[in-house]
Amino acid sequence: MAREKKPLPSLAYLQPRCRVSRLIALVGYAGLVLGMLGYNLHGANPVIIIGVQLLPLLIFLPGIITGHVRTHAWLSFAINLYFIQGVLICFQPGRLGYGLFMAGFSVLYFVAALYYIRWSFQAQRVERGET
């Protein structure tokens, strides 16, 4: 038995949600990048920090700025590595705050990006005339 298709929401419903979820995703992304840059430059070799930790995030920056939905989708996969790193840092003595910060901003980006991806693709389908 075939499953019935759910009707798509209207554009008036989807567009504000796309804007808000994208804004929250940008806050999570910027917080993670700036926080890693600020925290890790205290006594660490900046070339290593930028090359190993920040470069993978900065590769996605042009697509994130322009709001490209597929870039948000790919970064959602990559951001999980930063979540894992944040959880591992939580278990190091004296670094609980930084680990929670890193894991928290990764989760913030991940959840907001998932909503942005979902609502953006639904909005694209509504604009094409699908029901």
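Val-52 is exposed, with a relative accessible area of 57% (exposed means over 50%, buried under 20%, and partly exposed in between, using a 1.4 Å probe and protein chains only). You'll find Val-52 in helix H2. This is a predicted model, where local features need pLDDT of at least 70, side-chain atom pairs count only at pLDDT 80 or more, and totals for chains, interfaces and linings use all residues. Residues are numbered from 1 along each chain as its sequence is written, and side-chain values use heavy atoms, leaving out hydrogens and water.

**Overall build**

- The protein has five helices and zero strands (DSSP runs numbered from the N terminus: H or I of at least four residues for helices, E of at least two for strands).
- Its radius of gyration is 18 Å, well over the 14 Å that the globule rule gives for 131 residues, so the protein is more spread out than a compact globule (the radius is taken over C-alpha atoms, and the rule is 2.2 Å times the number of residues to the power 0.38).
- Along its principal axes, the C-alpha trace spans about 55 × 30 × 25 Å.
- Of the 131 residues, 35% count as buried.

**Nonpolar cores**

- The largest nonpolar core has 18 residues, and Tyr-29, Leu-32, Met-36, Leu-57, Leu-75, Met-102 and Tyr-109 have the most contacts inside it (a core is a set of buried Ala, Val, Leu, Ile, Met, Phe, Trp, Tyr and Cys residues joined through side-chain atoms within 4.5 Å).
- At least two residues of this core come from each of helix H1 (11-40), helix H2 (46-58), helix H4 (69-90) and helix H5 (96-127).
- Leaving aside neighbours within four places in sequence, Leu-57 is in contact with Tyr-29, Leu-32, Val-33, Met-36, Leu-75, Ile-79 and Tyr-82 (contact means heavy atoms within 4.5 Å).
- Another core, of nine residues, lies apart from it and includes Leu-14, Val-69, Tyr-116 and Trp-119.

**Rings and a charge**

- The count comes to five aromatic pairs (rings of Phe, Tyr and Trp, its six-membered ring, pair if their centres lie within 6.5 Å; planes under 30 degrees apart are stacked, over 60 edge-to-face, and the rest tilted).
- Tyr-98, Phe-101 and Phe-105 form one aromatic cluster.
- Arg-17 lies over the face of Tyr-13, 3.7 Å from the ring centre (a charge sits over a ring if NZ of Lys or CZ of Arg is within 6 Å of the ring centre and within 35 degrees of the ring normal).
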